[in-house]
Amino acid sequence: MKLASLNADGVYIIGRLEFGERNCGLCIINWLMCILEVQDVEKSYKTAAGFTPALAGVSFGVKQGEFVAIYGKSGAGKSTLINLISGIDCPDSGQIIFNGVSINRLSEDERSRWRGKNLGVVFQFFQLLPTLNLIENITIAMDLSDALPLSEHRGRAYQLLEQVGIADHALKPPSKISGGQQQRVAIARALANDPPMIAADEPTGNLDSKTRDGIMEIFSSLAKSGKTILVVTHDKEIASWADRVVYLKDGRITEFQEE
Amino acid sequence: MTELRTRWIKILKDIWQNKSRSALVILSIAVGIAAVGMINAAKLIVERDLYRAYQAGSPASLEIYVSPFDKELAGAVESMREVEKAEPRRAVDALIYRRSKEKWEDITLVAVPNLNAVEVSKFVLVKGSTNATTRSILLERQSAEAMGVGVGDKVVIRMPDDRQYTLQVAGIVHDVYIQPFNLMNEATGYVRMETLQWMGEVPYYNKLNLVVAQKPYDRAHVLEVGHTVRDRVIEPAGFQVFRVQIPGVGSDPGQHWAHNQIQGFLLILQIMGVMAILLSAGLIVNTISAVLMQQIRQIGILRAVGGVRVQLILMYLVYVLILSVVALLLALPLGWLGAWGISSLAARFLNFDITEMLLPSRVILWQVALGLFMPALVALYPILEGTRISVYNAVYQSGIGTEHKEDGVRRLLMKLKGVSPPVLLSLRNTFRRKSRLVFTLVTLTLAGAMFISVFSTRASLTQQIQDIGRYFTFDVALSVPGGTGKLTAVREALRVPGVEVAEGWANANGVILHDDGGESKAIEVVGIPYDAITIDPVLLAGRWLQKGDAQYIVVNDDLLESESGLSVGSHVRLKVGDVERWYTVVGIASKHLSGPRVYMSIQEFWRLTGRHNQVDVIRVRASAARNSDVITQNAIAAALEERYKNAGLSSLKSTTRNAIFADFTQVFDIILIVLVIMAVVLSIVGGLGLSGVMGLNVLERTREIGVLRAIGASNASIFKLVIVEGVTVALMSWASGAVLSVPSGLALAAAVIHAVLRADLNFRYSYVGLAIWLAIVVLIGIFSSLAPARSAARLTVREVLEYE
Ligand SMILES: Nc1ncnc2c1ncn2[C@@H]1O[C@H](COP(=O)(O)OP(=O)(O)O)[C@@H](O)[C@H]1O
Ligand SMILES: [Mg+2]
């Protein structure tokens, strides 16, 4: 794989457009085009042994409809970064701006509401609700964010299950289907309220290679249909599905280095 | 049909798929609510039906016992302005033959001027007719039932002079004013005065039933009217007044005779009801905490997909509400059933009819309000706490304990390598979550204290009865109506085979005259041999009677209640009939259900009453050393009755010491059974609570258990770990329950004894109860940890790792 150049801010770029340079004109263009902008984000965790730094000043942007992979080794800070972006956790400093809204300034409840409309989250361990069947695992997201009329919930959920290819199992509980299928349901759930962006942390981390491709194909086609996709992975092959790869090492975005 | 929102579907499915947990919450709510319904409904039903029946028959506000008199005296009393009605009655104690048991039972024959038109404390005709002839009788319904006779049947009556008469049952009546057969084992029959005359009695009355004209419920006023009647009409007419009293056992005028006892018992039940509610509230808090704890991850997910905290709070409140509604549906019929049980029992013993066995709407409203709001209210705290967690912590940190988890595990591992006793490990677990531990402890402690208290109450009652029994240390006692010479009475008694000791006692009614010219209420003056062994008094102060005591008396504690100025050394002026004499109080004896009493030597008694050498009761013992067994008592009783009958002294039934005890215990046992049932309910609730907590602890330690498994801990050792923890908590609760059971037992025993005996308390702690509860609580500890232990042992390493 041919890797492109590294710009001044340390944003590693593969793709059609480059941005993030400290060029003012480009900045404005970038800002206009970016659905998501991460600016100087720092985060450390408090542990018994003191503070563990996880992110040490990360900045980059993601454009509407872009398929970006956040790539790095275990412990690099990928999960931390995606949790900050999806508003699940808060940065110590820096900003995360989504469509002009500073996510880190929102309260926990406001972030929930924001996620309900703008961002679908996909977890490594699928995190489906065990007592609900597949359809209900999707309609619960619609129900809580109240974006759609109640009468459309089940119909749309069924369509989404068709879209991810498991409509046959619609009435089964999560425990009765395979891991790959569960992750498809999780993606369908992330799409429940038709958000412009999907954020996934190691979505294939728990799946075998064949299943993996199926999931990545779904992300790929979602990106083609205009969704912005952010996928965290430690797997180079997975990263290669993306339009662009952001390489993270020790909490910083750096140039990719082959180990 | 509109679709159900998915959030409600989730709740319904959560409830359905965790059936045992849902059942636990439902049960704990239902038990509390049902208890409240049961107790309040029973209270309302008893008050409605018993008290209404009581009021309906124009109850006597006052009873005046007078020397034999005729109708004219009643007429004169009734013509007084202060008196609304005055009805004379005559009561004769006799025996009635009970064919089914082939024995004689006590019966009181009551004569009134007109059986067809009783005016005060009216009975109600149930069957047959009140038109009794000279040879017929009206039987009280419980008496008729016990004798197994109906209208038209014949009954055999044995009079005090031992002659037998056969009477036909003309009618069966219901009299709510007499102490019923089911409670007292004394029958009641109503006859015409002519009938009594035919049976050899003099045609006079001996009691006036009065309804006071004004302020009929004012105790002081009613008594004042009584004294006015006595002083202005009865005594000037030449009759002697023995006693002026308000009917009942310490009741106020217009109140049912057992009003205080009923209210006391209901109060005890109310306290139990409050405890049941408190416990079920605690259990709800506990279980809801467990649910939220278990669903932390789900809470995180719900918030990750767009849910806000208010929505979650609402979801869990609805969860509680649904369980509450189901519990309520269960509690309403359950409460009804309980109310039915208690009020039927009351109806049977107090001889009244339940007009309609519906839960009063007030009670239903109470239950609904309590059932719907209480659980939601108490669940609010754990729900608010549980939903406060941040999304990040909820999704990623659940299953990881908050404090020094890593250290704990590491230390744990090290210990395990050194083959640590699992007890130590369990102990550490037990103390990990203090607030949860406290709750379980409180529940089980309450249950334990309650349980031991019930046992202590029983032990105290036994003690109390034994203390009271010290005043009845005869084997058999027999009354001699009208009295007889002491020498004859004792000689005849000693001729009964097996009798070693015979004492003649005498009694009279008297009053204490006050310096201000007033007088005390009626007191019983008892003359006894100074060396009597059929009494073993409990002295609260001073000394007992001694040889040569002339004008010395011992009074009992009951007398001090009305004559509060009295103490050892006091001088009192006692009046019996027309004679007044001064006495010095030398001792105070404890209460023994006798009413105010004065004991003096029989010689002094004879001097005071002028009834020289006369005795009224013969009290015998088979052995001077001790009381004899039941069989001996019964044998002597029969022989003594026979001997006295043949000698023409008395044809009354004798009393054995054993019979006195048997009568007491029966009433107590009913109350104690109810109390034991409550304690069992509490321990079930406590066990359920412990089970919930153990489940929660296991859940919290999923990771730790996984680590233990990973390093090779066997199923059995993990099983044991959980059980030891459960038993440890149980034992701790036992210890604190033991401590609490001292004051709570004291309170319960005091309440019960006061309700039943109207006497002060002799508390006795029950170590038997303590030991039994120890066994029960250990079993509760084991059984309530079984399910959590099984699920802990079932956890696989993989599941545990996935849990992260
Ligand atoms: N909850 C946490 N508490 C303490 N340290 C954490 C926590 N989460 C992550 N870390 C630390 O932060 C760093 C980055 O972690 P993470 O973002 O999970 O990396 P990645 O997802 O790339 O494997 C690591 O050193 C990790 O140990
Ligand atoms: Mg990660």
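**Notebook: the A–B interface and chain B**

I looked up polar contacts first: across the interface of chain A and chain B the rule finds 16 residue pairs, both at pLDDT 80 or more. A polar contact here is a pair of N or O atoms within 3.5 Å; within protein, one must be able to donate a hydrogen and the other to accept it, and residues adjacent in sequence count only if both atoms are side-chain atoms.

I noted which elements of chain A take part. Helices (H or I, at least four residues) and strands (E, at least two) are DSSP runs, numbered from the N terminus. By class, this side of chain A has 13 nonpolar, 8 polar and 11 charged residues. Ala, Val, Leu, Ile, Met, Phe, Trp, Tyr, Cys and Pro count as nonpolar, Asp, Glu, Lys and Arg as charged, and the others, Gly among them, as polar.

I recorded the basis of the entries. This is a predicted model, where local features need pLDDT of at least 70, side-chain atom pairs count only at pLDDT 80 or more, and totals for chains, interfaces and linings use all residues. Residues are numbered from 1 along each chain as its sequence is written, chains are lettered from A and ligands numbered from 1 in the order written, and side-chain values use heavy atoms, with hydrogens and water left out.

Next I checked salt bridges (a side-chain nitrogen of Lys or Arg within 4 Å of a carboxyl oxygen of Asp or Glu). The rule finds 5 across the interface of chain A and chain B. One of them joins A:Asp143 to B:Arg7, with the closest N and O atoms 3.0 Å apart.

I then looked at the extent of the interface. In contact (heavy atoms within 4.5 Å) are 32 residues of chain A and 27 residues of chain B. The buried area is about 3,000 Å², and carbon and sulfur atoms give 56% of that. A:Thr131, A:Leu144 and A:Leu150 supply 23% of the area that chain A buries against chain B, more than any other three residues. Buried area is the accessible area (1.4 Å probe) that two parts lose on being put together, summed over both.

Last, I turned to chain B. I found 24 helices and 20 strands. Of its 804 residues, 54% count as buried. B:Ser143 sits in helix 4 (residues 141-147). With a relative accessible area of 1%, B:Ser143 is buried, because buried means under 20% (1.4 Å probe, protein chains only). B:Ser143 touches B:Phe181, B:Ala187 and B:Thr188, not counting residues up to four places away in sequence.

Conventions
Buried means under 20% relative accessible area, exposed over 50%, partly exposed in between (1.4 Å probe, protein chains only).
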